[in-house]
Amino acid sequence: MPRIYKRKTGRASTPLQDMDRAVKEVEKGKSIREVARQMNICRMTLKRYMEKKKIDGKEIRPGYERTGLANQVFDEHMEKELAEHIKALAAMFHGLSPMKCRELAFEYAQRNDISIPASWIREEKAGYDWFVAFKERCHLSCRTPEATSLGRATAFNRHNVGEFFDNLSKVMDRYNLLPHRIYNMDETGVTTVQTPKQIVTEKGKKQVGSVTSAERGELVTVACAVNATGNAIPPMFVFPRVRFKEQFLNGSPAGSVGHSTRSGWMNEEAFIIFMEHFIRQTNCSTNNPVLLILDNHESHISLKAVTTAKENGVVMLTLPPHTSHRLQPLDKTVYYPLKTFYNSAMDGWMRTNPSRTITIYEVPGLVNQAFMSAMTPRNITSGFRVTGIFPFNRDIFPDEDYAPSMLTDRPNPEEPSTSSATDLPGSSHEEPTHATGQEAGPDPTSPELNPEQPSSGLTGFAQLGYVSPEAILPLPKATARKARMKRKKIKSKIMTDTPEKMELERAQKEREDKMAEKEKKQNERQMKRALKKKNLTKFKKMNKTVVYSSSEESIMAIPLNDTTDNDKAGHDLEKTHNKEKKRGEKKKSSENKKRVIKPTKPKKKVVVSNSSEDSDISIPLNDTTDYDSSDVQNDDDDDDGDKDLSAGDFVIVNFAGKTKSYNYIGLVEKVDGADISAKFLRRSSKKSLDGKPIFTFKENDEGVIPREDVRKKLPTPKKLGGTARREQKFIFPCSIDKWDVM
C-alpha cells in the first residue's frame with residue numbers, strides 16, 4: 001500500500017448529502033435515471049445505494065472505506081484508546097518517540113492476541129505505513145518538544161498557582177489597585193553574538209553559514225518593568241565591568257539607567273539602583289502604592305530592597321518558584337519579540353559594519369531599536385491577560401496545563417487526610433489494572449482532562465483478558481520521597497508585609513552571626529598558627545647551645561636537656577620538633593646512600609658543659625643532623641638586638657619559613673613595646689668597588705615584627721650618593737656574609 005494514494009478515477013466520490021437528496025427526489029416519484037442525470041450521479045450507483053439502504057435500514061457511506069476497515073489491525077475503539085494514552089503521556093511531558101509508539105502498538109496487539117502482519121513480527125514493531133495512517137486517523141503529529149526542567153514541570157500545579165492568586169486578590173482588595181498601578185518586573189540577557197535567521201540559498205546545499213560577531217559573546221542584563229495598561233518604564237542595563245561609566249548608555253532608550261557587575265548579572269546592589277529608578281518613574285508613595293510582581297531571586301528579596309520598597313509604597317508580590325514561564329507577563333508575550341527584533345537589529349548592524357565586531361558599547365543602541373518595536377501596548381496587555389493577572393482570572397489555566405505536575409502529586413503531610421485529598425488527580429500511587437477493562441486510579445485521559453474522550457471507551461470490545469495500553473506502559477508516577485533533611489520551602493509571598501519582613505530580618509541576623517562566628521574561628525586559627533610558629537622558634541633557641549672545642553676549628557651545636565624555662569612551650573611543640581628532626585634524618589640518610597663511601601676519620605671528642613655537670617660526649621664531625629648552620633655564630637656577633645633600639649637603626653631580622661628561616665635587613669621606623677615597625681631592604685645584584693653588597697629599599701615592603709626576632713643591630717651604613725636614586729642605596733661597613741641576608 002503506498003503511503004500517499006492518488007485516485008485514478010472519480011468513482012465513489014459522490015458526497016453522502018448528495019446521495020440522500022437524490023434518494024428523496026426518487027421517493028417523490030421521479031425516476032432514478034432522471035434524478036441521476038440531473039444531479040450528475042451514476043445511475044447504477046444510486047440504484048445500489050437505494051437497495052442497500054432498504055435492506056439494512058441504516059446509513060451507508062459510499063466508497064471503499066469498508067474495504068480498508070476489513071484490513072485494519074485495531075478496531076476504532078482500540079485505536080482511540082491507544083491514541084488517548086499517547087496524548088496523555090505527551091501532556092505529562094513524557095511523550096513517546098515514533099519508534100516507541102510503533103513498539104507500543106506491536107506489544108498492544110500481541111498482548112490482546114490480534115492478528116498482525118508478518119513484517120510486524122519480523123521487526124518487532126508496527127510498520128511505518130501503519131503509523132503514518134494511524135496519525136492521520138487520530139489527529140496526531142510529530143513535534144520537536146521544548147526542553148522543560150523537572151522543576152518547572154512539577155512546580156506549576158494547582159496548589160502553587162492557587163496561593164499566588166490568593167495573594168494577588170488579597171493585595172488588589174487591600175489597596176484597591178487599578179491596572180495602571182499593577183507592574184511586572186523581570187530581567188533578560190542580551191549578548192553580543194546574534195542567532196542567525198533563515199536565509200535563501202541554493203536548493204540541496206548541505207552546509208549554509210552566516211556571519212556572527214564572535215564565537216562567544218558577552219552578556220548584558222536588561223531589566224524592564226511594564227504595567228497592565230501597556231506602558232513600560234525605561235530599562236536598566238547591567239554591564240559586565242568592574243566600574244560603570246556613563247558613556248556605556250550611549251544610544252539607549254531615553255531615561256535608562258545603568259550599573260556594572262563583574263559577571264553582568266543582577267545582584268542586590270544593582271537591584272537597589274533599579275528600585276530607586278522604578279520609584280522615580282512611577283511616582284509611588286505610601287499614599288499612592290503600586291504593586292510590583294517579580295520572581296523570588298535572592299537579589300530581589302534582600303532586606304535592603306524590601307525596606308526600600310516598603311518605605312516608598314511599593315508592594316512586592318513574588319511568583320512561585322519555577323513558574324515564571326506561565327505566570328510572568330514579560331516572559332509570556334514581551335521578551336520573545338524583544339529578542340527577535342534585537343537579532344534583526346544585530347544582523348543589520350553586521351551588514352552595515354562588515355569588518356567590525358559588536359561590543360557591549362553597541363548593545364544599548366541595538367536594544368533601543370528592539371525596545372520600541374517589542375514594548376507595544378498590545379504585547380504588554382496580552383501578557384497580563386494570558387497570565388490571569390489583569391483582568392483577574394484564577395481559572396485561566398485549563399486542566400491540561402497542570403498534567404505534568406501529576407507526576408509528583410502527593411497528599412500534603414502537614415494536613416490531615418480527608419476524602420477530598422484522595423480525590424485529587426494523581427493522588428493514588430497504585431498502578432492501574434485492566435484485567436477486565438476497568439480503569440483503576442486516576443487517569444489524565446478521563447473526560448475531565450479530555451472532554452473529547454467518550455465516557456465508555458471500552459464498550460463493545462471489553463472482554464476478559466483485555467490489556468490496555470496503560471497497563472503495558474503506565475503513566476509516570478514519582479515514588480515516595482526518602483527521609484531527608486528538611487529544607488525551607490519557597491512559595492509566593494507578599495514580601496512587604498510585616499511577617500515576611502521580620503523573617504528577612506531574622507535570616508539576615510542569623511547570616512551575620514554565622515559570618516562573625518566563622519571570622520572569629522578563622523582569627524583564632526591564625527593566632528594559634530602564629531603562636532605555634534613563634535613558640536617553635538623559641539623552643540629551638542632554648543634547646544640549643546653553642547660549644548667550642550679548644551683543639552678543633554669546627555663549631556658544633558648540641559642540644560641540652562635543660563627544660564627549666566621551656567616546659568610550657570616545649571611540651572606543646574615537642575611532637576612537631578621530633579617530626580622535623582626525623583624528616584631531616586631520613587632525608588640525609590637517603591643522600592648518604594647515594595654518595596660514594598670513603599674512609600672516615602676517627603671520631604673527635606667535644607666537651608659539653610651543662611649547668612649541673614660536665615660530661616664528655618663522642619660526636620662525629622660529619623654528623624650535623626641535629627644542627628642548623630644558621631645558628632652557628634661567634635660570641636661577638638650574637639647580638640639579640642634587644643638593646644638601645646630606636647627609630648633609624650638598622651637591624652637584621654629573622655623570618656621563619658616552612659622548612660628554613662630567612663634573614664633580612666630592616667630600618668626601624670617605630671618601637672612600640674615588644675613590637676617594632678620596620679621598612680626592609682633587599683640585596684642588589686650589583687656590588688661596590690671593594691666587593692661589598694649593596695642594599696636598597698623595595699616599594700611597599702614594610703611590616704610589624706616581634707622584638708625578639710631581631711638578630712643583630714648593625715652600624716650606620718654609608719650611602720652611595722650622587723643622585724636621588726643612589727641616595728636610596730646603602731653599603732654596611734661590617735661583614736654580613738655570615739648572616740646570609742636576602
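**A colleague's note on the predicted model**

1. Let me start with a surface residue: Thr352 is exposed, as its relative accessible area is 61% (exposed means over 50%, buried under 20% and partly exposed in between, with a 1.4 Å probe and protein chains only). Thr352 belongs to helix α14; helices here are DSSP runs of H or I with at least four residues, strands are runs of E with at least two, and both are numbered from the N terminus. From its side chain, Thr352 reaches the backbone oxygen of Gly348 at 2.8 Å. That is a polar contact, meaning a pair of N or O atoms within 3.5 Å; within protein, one must be able to donate a hydrogen and the other to accept it, and residues adjacent in sequence count only if both atoms are side-chain atoms.

2. A word on how to read the values. This is a predicted model, in which local features need pLDDT of at least 70 and side-chain atom pairs count only at pLDDT 80 or more, while totals for chains, interfaces and linings use all residues. Residues are numbered from 1 along each chain as its sequence is written, and side-chain values use heavy atoms, with hydrogens and water left out.

3. Now the overall picture. The chain has 20 helices and 17 strands, and 36% of its 742 residues count as buried. Looking at contacts (heavy atoms within 4.5 Å) with a separation of 6 or more, 67% are between residues 24 or more positions apart.

4. How do the strands of the mixed sheet line up? The order is β4-β3-β2-β1-β5-β6, giving an open sheet of 6 strands with mixed pairing; two strands pair if DSSP finds at least two bridges between them. At the edges are β4 (257-261) and β6 (314-318), each of which pairs on one side only. From one strand to the next, the twist averages 25°.

5. Ile293 has Leu317 in β6 as its bridge partner.

6. With strand β15 (residues 710-714), β11 pairs in the antiparallel sense over 4 bridges; with strand β12 (residues 661-672), the antiparallel pairing of β11 covers 7 bridges. Val651 stands opposite Lys713 in β15. Val653 faces Val710 in β15 and Tyr664 in β12.

7. Which way do helices α6 and α8 lie relative to each other? The axes of α6 (residues 98-111) and α8 (residues 128-138) come within 11 Å and cross at roughly 100°, so the two helices are roughly perpendicular (65 to 115 degrees; angles under 35 count as roughly parallel, over 145 as roughly antiparallel and the rest as oblique). Pro98, Cys101, Arg102 and Ala105 in α6 meet Tyr128, Trp130 and Phe131 in α8.

8. Thr282, in helix α11 (residues 268-282), is buried at a relative accessible area of 12%, and its side chain reaches the backbone oxygen of Phe278 at 2.8 Å. Asn157 sits in the loop between α9 (150-155) and α10 (158-175) and is buried at 15%. The side chain of Asn157 reaches the backbone oxygen of Thr154 at 3.0 Å. Leaving aside residues up to four places away in sequence, Asn157 touches Tyr402 and Ser405.

9. Finally, the cysteines. The structure holds 0 disulfides, a disulfide being a pair of cysteine sulfur atoms within 2.5 Å. Cys284 counts as buried at 8% relative accessibility, whereas Cys734 is partly exposed, with a relative accessible area of 25%.

Conventions: Axes are lines fitted to C-alpha atoms, for helices over the stretch in contact, and angles run from 0 to 180 degrees between N-to-C directions.
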